[in-house]
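Please read the following report with the sequence and the model open beside it.

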Number of protein chains: 2
Amino acid sequence: MRRTLKESKKAPERRRNPLSGGKSSGAKPSARSASQKTKRLPFEQRRKLIVRKAAEFFAESGFAATTRELADHLGTTQPLLYKYFKTKKDLVDEVYKSVFLDVWDDSWDDLLIDRSRPVEERLVEFYARYTDVIMNRGWMRIYLFAGLRDVGITSSYIRLLEERIIRRIAVEICTFCGIELTTDNESHYIEIAWSLQGSIFYYGVRKYAYGLSPRTDKDFVIRNIVGIYVKAWPHEMVVTSPPRSVQLL
Amino acid sequence: MRRTLKESKKAPERRRNPLSGGKSSGAKPSARSASQKTKRLPFEQRRKLIVRKAAEFFAESGFAATTRELADHLGTTQPLLYKYFKTKKDLVDEVYKSVFLDVWDDSWDDLLIDRSRPVEERLVEFYARYTDVIMNRGWMRIYLFAGLRDVGITSSYIRLLEERIIRRIAVEICTFCGIELTTDNESHYIEIAWSLQGSIFYYGVRKYAYGLSPRTDKDFVIRNIVGIYVKAWPHEMVVTSPPRSVQLL
DNA sequence: CTGTGTCGTTATCGATTGATCAATTAAAAA
DNA sequence: TTTTTAATTGATCAATCGATAACGACACAG
């Protein structure tokens, strides 16, 4: 409607440059330095740049932050944003998409069900690759911000995760352990698989979203936690009985 | 300075009424219904009421929400807030305190180190009681909001948690498993204990903070996860070696 | 070099924000 | 009851919000 879908010329797109400067000597409170003029860019290129920088910016300040501060982060002016997005909400939705959908790797599915390799090895490699994508300050914080503000986007991401990852993990470990999945016990085992996910995820929250520094590195945590779950994957579900004292392994 | 610390008369304080109406027929956009007049309250009582209602309100809308909406939630007017708190930030800090410090239960420490009982039983009971406090929509969401906005308060809460809970859990399970804690392996075992915490915590995030509904109940998750960690608590740390395929338990 | 379409900016609007203050009124003290 | 004290409110301010419109300037086709 507003634009004839120029589709530009697939220019040599600058790929992933999360820590670019943007504003150099920006001591001024609101306006960008007069000496630094804004480079003129083709429509699609500018639009993508805005989404990328907006993701960086909203990750730090939350989606309640102002469009003017975002423009400062971009090195441009605030009304420019409204040439590319009708409302602030439209821009936020675009940031959601770029964070939750565009980074999804379809090869994760195949990796998880490749039964020519041991489950534990598959799981360790999957979580190593998965966390390479999500365990950074930007992704982690946007995930948390989105979950608190928009149940919708987080809900559908969690559904996606459960269908394609969590459920698969439960199936693979159960198969490895010789456990038959039934409609009765399925949700229980999925919940156990979720708790494996949660233990790894919360490590990322502490380290990246909150900027605290656990003493050990990501790969150590993944290897040990996966090892624990595969080794002690429950054969029968403890549902109502009181906690029995455990016999030492 | 502003007030002579009246300390009121310890009136029969209304205790914990998280789901009160506040505004009844509030279809009006900004002002409260004229028929419903604000009850006049002693200083400390009103102050505590404001903090409690503010916690409810900020949990839903985030700390960026407006003081006017908060006043609506309270059933009073917006300027009233500034008779009790100098700035909005002061009120927010008070909410932090009421959520993170005032609910801490000192008996948790003793429960965890009571070696007359089996570790697994102690852990299950601790997490049952701990999650009774934190696993509700209000606490969970405020914890997440605070972590994203104020690293300070979350950082100190996590330190408190590590010193008094996580470290103790690591020590107790290691003792039970006959593992000697040294300065070399201590941080590794604390990290494993953190992952136990994380797996239970993330269950709460999904269910309460995001309002999703895991299919199984809290106690089931706690019993099974604690069982897994106690059973498979690693005797030697996997640090650099590639994942070995595991021998079935 | 000159027009022309488009990217970017300046200026500004109405609504809303946190915060202040004098006026009001209900509760406690006399 | 009358007086005193303090809790509550309506009115309002300066700053800031998202969003719009009109103008300016750079690139490119001819």
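H235(B) counts as partly exposed in this predicted model, because its relative accessibility is 40%, where partly exposed lies between buried (under 20% relative accessible area) and exposed (over 50%), found with a 1.4 Å probe on protein chains only. H235(B) is found in the segment that follows α10 (218-232) of chain B. Helices (H or I, at least four residues) and strands (E, at least two) are DSSP runs, numbered from the N terminus. Along the sequence, H235(B) and C177(B) are 58 residues apart, and their C-alpha atoms are 7.9 Å apart in space. A polar atom of the H235(B) side chain lies 3.4 Å from the backbone oxygen of C177(B).

Some conventions apply throughout. Residues are numbered from 1 along each chain as its sequence is written, and chains are lettered from A and ligands numbered from 1 in the order in which they are written. As this is a predicted model, local features need pLDDT of at least 70, side-chain atom pairs count only at pLDDT 80 or more, and totals for chains, interfaces and linings use all residues, while side-chain values use heavy atoms, with hydrogens and water left out.

**Two polar side chains in chain B**

E125(B) lies in helix α6 (residues 119-134) of chain B. With a relative accessible area of 29%, E125(B) is partly exposed. The side chains of E125(B) and R117(B) make a polar contact at 2.6 Å. A polar contact is a pair of N or O atoms within 3.5 Å; within protein, one must be able to donate a hydrogen and the other to accept it, and residues adjacent in sequence count only if both atoms are side-chain atoms. Leaving out residues up to four places away in sequence, E125(B) touches L111(B) and R117(B), where contact means heavy atoms within 4.5 Å. R223(B) is 98 residues from E125(B) in sequence, and the two C-alpha atoms are 9.2 Å apart.

Q78(B) belongs to helix α3 (residues 78-84) of chain B. Is Q78(B) buried or exposed? Q78(B) is buried, because its relative accessible area is 18%. Its side chain makes a polar contact of 3.1 Å with the side chain of T67(B). Not counting residues up to four places away in sequence, Q78(B) touches T67(B), R68(B) and A71(B).

**Aromatic rings**

Over all chains, 47 aromatic pairs are found in the whole structure. Rings of Phe, Tyr and Trp (its six-membered ring) pair if their centres lie within 6.5 Å; planes under 30 degrees apart count as stacked, over 60 as edge-to-face and the rest as tilted. Two of the pairs are set out here.

| Pair | Centre to centre | Angle between planes | Class |
|---|---|---|---|
| Y202(A) and F201(B) | 4.8 Å | 35° | tilted |
| Y96(B) and F100(B) | 6.4 Å | 40° | tilted |

The pair of Y202(A) and F201(B) crosses between chains, from helix α9 (residues 186-209) of chain A to helix α9 (residues 186-209) of chain B. Both Y202(A) and F201(B) are buried. Y96(B) and F100(B) are four residues apart in helix α4 (residues 88-100) of chain B, so about one helical turn separates them. Y96(B) and F100(B) are both buried.

Another ring takes part in a link between the chains. R206(A) lies over the face of W194(B), at 4.3 Å from the ring centre. A charge sits over a ring if NZ of Lys or CZ of Arg is within 6 Å of the ring centre and within 35 degrees of the ring normal.

**The two chains together**

Chain A has ten helices and zero strands. Of its 249 residues, 47% are buried. Among contacts in chain A with a separation of 6 or more, 71% join residues 24 or more positions apart.

How can chain B be laid on chain A? A turn of 180° and a shift of 0.0 Å along the axis give an RMSD of 0.1 Å, with the copies superposed by least squares on the C-alpha atoms of residues with pLDDT of at least 70 in both. That is the relation of a two-fold axis. In chain B, the residue that comes closest to the rotation axis is S199(B), with its C-alpha at 2.1 Å.

In the interface, 60 residues of chain B are in contact with 60 residues of chain A. The copies meet through the same surface, because 100% of the interface residues of chain B are also interface residues in chain A. The two chains bury about 5900 Å² between them, 68% of it on carbon and sulfur atoms. Buried area is the accessible area (1.4 Å probe) that two parts lose on being put together, summed over both. In chain B, L148(B), Y202(B) and Y210(B) lose the most area to chain A, together 14% of what that side buries.
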